[in-house]
Amino acid sequence: MNSSDLSLFDAFPPVTDNIGFIQGDIDEIIDFCDDWLVPQRRKPAERFSSRIDDAIGRMFPTNLDRFLFVQCQSGWTAFFRDLPMTCDLKIGYITDKMKRRGILATYIEDTYNASTNTGRLGGVQLRVFEPYETFFQNYGRSISVINEGRRWRFDQGYEPLPFENLEAYQAKRIRDRFTPEMLIDYLRQLGIEAYSPQFYTDRCALYHPFVPE
């Protein structure tokens with residue numbers, strides 16, 4: 001992995017551990033999300049202009065369950081959440097209801113030390129959400145390599161995408177079967193430069209935490 005690919009995002013865990021992408025303009029997506037989230041005691045999204053690093057910086061301190069949307073190039077809108085968990089359920093719901101394609105990209109650098117039980121368990125994942133019903137809701141292709149602590153685990157599901165390197169999935173070392181470099185290449189094939197700051201525009205929208213009753 002070229003350090004320049006992730007230099008910005010390395011500074012913002014856990015917000016940038018998982019990045020969602022929804023096909024469509026941010027205004028359309030926020031209009032939908034306002035209709036969905038405001039009845040759940042969310043205020044309408046705060047729309048603002050900002051560089052990507054400053055926008056992500058507004059997600060701290062974390063664990064308050066904020067949602068950040070950022071308009072990207074190539075017709076995609078990015079989704080960030082301030083919780084240390086994947087945002088697949090949110091992306092799945094939005095794309096299912098709006099009939100849009102969605103992507104979830106996960107990259108967590110592995111710093112885990114088994115002897116001291118310190119550091120972070122690493123992982124690389126790509127999940128695709130289709131604009132139509134599949135074997136389960138709108139969940140499409142998924143590929144992941146995850147450190148479970150005692151061992152690495154490789155999983156894949158649904159039909160491969162046309163550009164995938166299928167031979168790599170037979171690598172002897174499990175963590176080599178789906179690498180960060182492969183994730184970046186696959187995203188690029190989908191029109192997404194997820195780890196390039198220049199891919200993100202200054203059009204942003206932020207959902208603040210739930211409003212207490």
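**Entry 1: terms and model**

I note first that a residue counts as buried when its relative accessible area is under 20%. I am working from a predicted model.

**Entry 2: strand 3**

I looked up strand 3, residues 67-72, and found six of its six residues buried. I then checked which way the side chains point. F67, F69 and Q71 point to one side of strand 3, while L68, V70 and C72 point to the other, and all are buried.

Next I looked for the neighbours of strand 3. Strand 4, residues 76-81, pairs with strand 3 in the antiparallel sense over five bridges. I wrote down two bridge partners in strand 4: F80 for L68, and T77 for Q71. The hairpin of these two strands has three residues between them, and S74 there takes a positive phi near 65 degrees.

Strand 9, residues 200-207, also runs antiparallel to strand 3, and five bridges join the two. Here I noted C204 as the bridge partner of V70.

**Entry 3: the whole sheet**

I recalled that strands of a sheet pair through backbone hydrogen bonds, either parallel or antiparallel. In this model I traced an open sheet of nine strands in the order 2-9-3-4-1-5-6-7-8, with antiparallel pairing. Strand 2 (46-49) and strand 8 (152-157) each have a single partner strand, so one side of each has no neighbour in the sheet. Neighbouring strands of this sheet are turned by 15 degrees against each other on average, direction ignored.

**Entry 4: cysteines**

How many disulfides are there? I counted zero. I checked C72, which is buried at 4% relative accessibility. The closest cysteine sulfur to that of C72 belongs to C204 and is 9.5 Å away. A disulfide needs the two sulfur atoms within 2.5 Å, so this pair is too far apart for a bond. I also looked at C33, which is buried with a relative accessible area of 0%.

**Entry 5: nonpolar cores**

Which residues touch the most other members of the largest nonpolar core? Of its 42 residues, I found these to be F21, L68, F80, F178 and Y200. Helix 5 gives the most to this core, with five residues. Apart from it I found another core of 21 residues, among them W36, F67, C87 and F129.

I listed the contacts of F178, leaving out residues up to four places away in sequence; they include V124, L126, F154, L183 and Y186. I then looked at helix 5, residues 180-189, where the buried residues are P180, M182, L183, I184, Y186 and L187. Just after helix 5, G191 has a positive phi of about 85 degrees.

**Entry 6: salt bridges**

My search of the whole structure gave 20 salt bridges. I looked at three of them.

D31 forms one with R47, with the closest N and O atoms 3.0 Å apart. D31 is in helix 2 (residues 26-37) and R47 in strand 2, so the pair ties together parts 16 residues apart in sequence. D31 is partly exposed at 43% relative accessibility, and R47 is partly exposed at 41%.

R101 forms a salt bridge with E130, at 3.2 Å between the closest N and O atoms. R101 lies in the loop between helix 4 and strand 5, and E130 in the loop between strand 6 and strand 7, 29 residues apart. R101 is partly exposed at 22%, whereas E130 is buried at 8%.

E193 and R188 meet in a salt bridge of 2.9 Å, N to O. Lastly, I noted that salt bridges with shared partners join D25, D27, D31, R47 and R203 into one network.

Definitions and conventions:
Residues numbered from 1 in each chain as written. Predicted model: local features only at pLDDT ≥ 70, side-chain atom pairs only at ≥ 80, totals over all residues. Heavy atoms only, no water. Buried < 20%, exposed > 50% of the residue type's maximum accessible area, 1.4 Å probe, protein only. Helix = DSSP H or I, 4+ residues; strand = E, 2+ residues; numbered from the N terminus. Pairing = 2+ DSSP bridges. Axes fitted to C-alpha atoms, helices over the stretch in contact; angles between N-to-C directions. Core = buried A, V, L, I, M, F, W, Y, C linked by side-chain atoms within 4.5 Å. Contact = heavy atoms within 4.5 Å. Salt bridge = Lys/Arg side-chain N within 4 Å of Asp/Glu carboxyl O.
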